[in-house]
Amino acid sequence: MSYIDIEYVNLVSSRLDKFSHKKDNLYNFRCPYCGDSQKHRTKTRGYLYQKKNEILFKCHNCGVGRTLANFLKDNANDLYDQYILSRYKEGLTGKATNTPNPKLEFDTPKFKNNKNGVVPISILDDEHLAKKYLLSRKIPKDKLNKLYYCPKYKEWVNSQKQTFNDISSDHGRIIIPLIYDGKWFGFQGRSLTNDQQLRYITTILDDSQPKVYNLDGVDYEKSVFITEGPIDSLFINNAIAMAGADIDWNFINNTDATFVFVFDNEPRNLQIIDRMQKVIDRQLPIVIYHSDIKEKDLNDMVLAGRDVQDIVDTNTYYGLEAQLKFNTWKKV
């Protein structure tokens, strides 16, 4: 018999009328099912007793019999939940026991108000360092409300999820929120200059969500472009972005939409070549740039005065044609 059984018998004892400990592993009290005798208030015909390695309940008046687990479930439901979990931790539930496995149900985590401590880029003065940087990159003004600025990045991140042990060298960053169903499940912090050791820092608050930017901002009944980074996605219509280097194939495979993959224009980058080949092998649409395009990503193409929407629309291929275009592109 488990020490856990004795512990929970003791815990429930104060709720049982006329409870007494008769001897080792035998307990007596008024039956909570039938109430024992209404005439004789001292009658106690309910028993908890040991049989083999289990504690069982039996009433010698009404005949009700229960395992300890079911007895607690009927008469002390709060203790029942704790009892099941305690036995589960000790490996004492499931088959070959009288105790069921617990129903392990978890609510979706409720995170703190992520917007406290950050401000939308759109309301900042045009001369503010963060807004000035984004405007210099020609981010469309109507997309600035999708981005935020945090003056004390490390301190704010720690208020959402403990991440940094040392915040003495705190600094400001642009915040790119990852949102699903209106709730922030993560974010990226983008440095204001390109000379930071880590230009992007990704923090995930809810690992159950795909690491994808702009999940709520596209029409899945139309073709959805997938860019390598959130900033590039702001330059074309109906676009999402990978918030990590790898493609979330589980998200792709389980979403009813046509995805068009838009990778950076780096034919000598072996990682990009490998990812592009995997997309082509899956017979999915992919953008493969014409040889006269030298800029490495959509943002650089915008800075060079190119129409990036037209580029992705007119350079999308799949199947055998994509493979042939890809073979030519990676030789450039």
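## Sheet

Strand 2 (residues 26–29) and strand 3 (residues 46–51) run antiparallel and are joined by 4 bridges. Within this pair, Asn28 stands opposite Tyr47 in strand 3. The model is a predicted one.

An open sheet is formed by 5 strands in the order 1-2-3-4-5, with antiparallel pairing. Its edges are strand 1 (20–23) and strand 5 (65–67); each has a single partner strand, so one side of each has no neighbour in the sheet. From one strand to the next, the twist averages 25°.

## Cysteines

A disulfide requires two cysteine sulfur atoms within 2.5 Å, and the count by this rule is 0 disulfides. Cys34 is in no disulfide, since the nearest cysteine sulfur, that of Cys31, is 3.8 Å away. Cys34 is partly exposed because its relative accessibility is 26%.

Cys59 is likewise in no disulfide, and its nearest cysteine sulfur, also that of Cys31, is 3.6 Å away. With a relative accessible area of 1%, Cys59 is buried.

## Largest pocket

The largest pocket holds about 750 Å³ of space. It is lined by 31 residues, of which Arg199, Tyr200, Glu228, Gly229 and Asp264 are the closest to its centre. Elements that give two or more residues to this lining include helix 4 (129–136), strand 8 (173–180), strand 9 (183–190) and strand 10 (200–204). Helix 6 (230–233), helix 8 (270–281) and helix 9 (298–303) also give two or more residues each.

By residue class, the lining of the largest pocket comprises 12 nonpolar, 8 polar and 11 charged residues.

Note on methods:
Residues are numbered from 1 along each chain as its sequence is written. This is a predicted model: local features need pLDDT of at least 70, side-chain atom pairs count only at pLDDT 80 or more; totals for chains, interfaces and linings use all residues. Side-chain values use heavy atoms; hydrogens and water are left out. Buried means under 20% relative accessible area, exposed over 50%, partly exposed in between (1.4 Å probe, protein chains only). On a 1 Å grid over the protein atoms alone, a cavity is a set of points where a 1.4 Å probe fits but cannot get out, and a pocket is an open set with protein on both sides within 12 Å along at least five of seven lines; lining residues have an atom within 4 Å of a point. Grid points are joined across faces, edges and corners, and a volume is the space filled by probe spheres set on the points. Ala, Val, Leu, Ile, Met, Phe, Trp, Tyr, Cys and Pro count as nonpolar, Asp, Glu, Lys and Arg as charged, and the others, Gly among them, as polar. Two strands pair if DSSP finds at least two bridges between them. Axes are lines fitted to C-alpha atoms, for helices over the stretch in contact, and angles run from 0 to 180 degrees between N-to-C directions.
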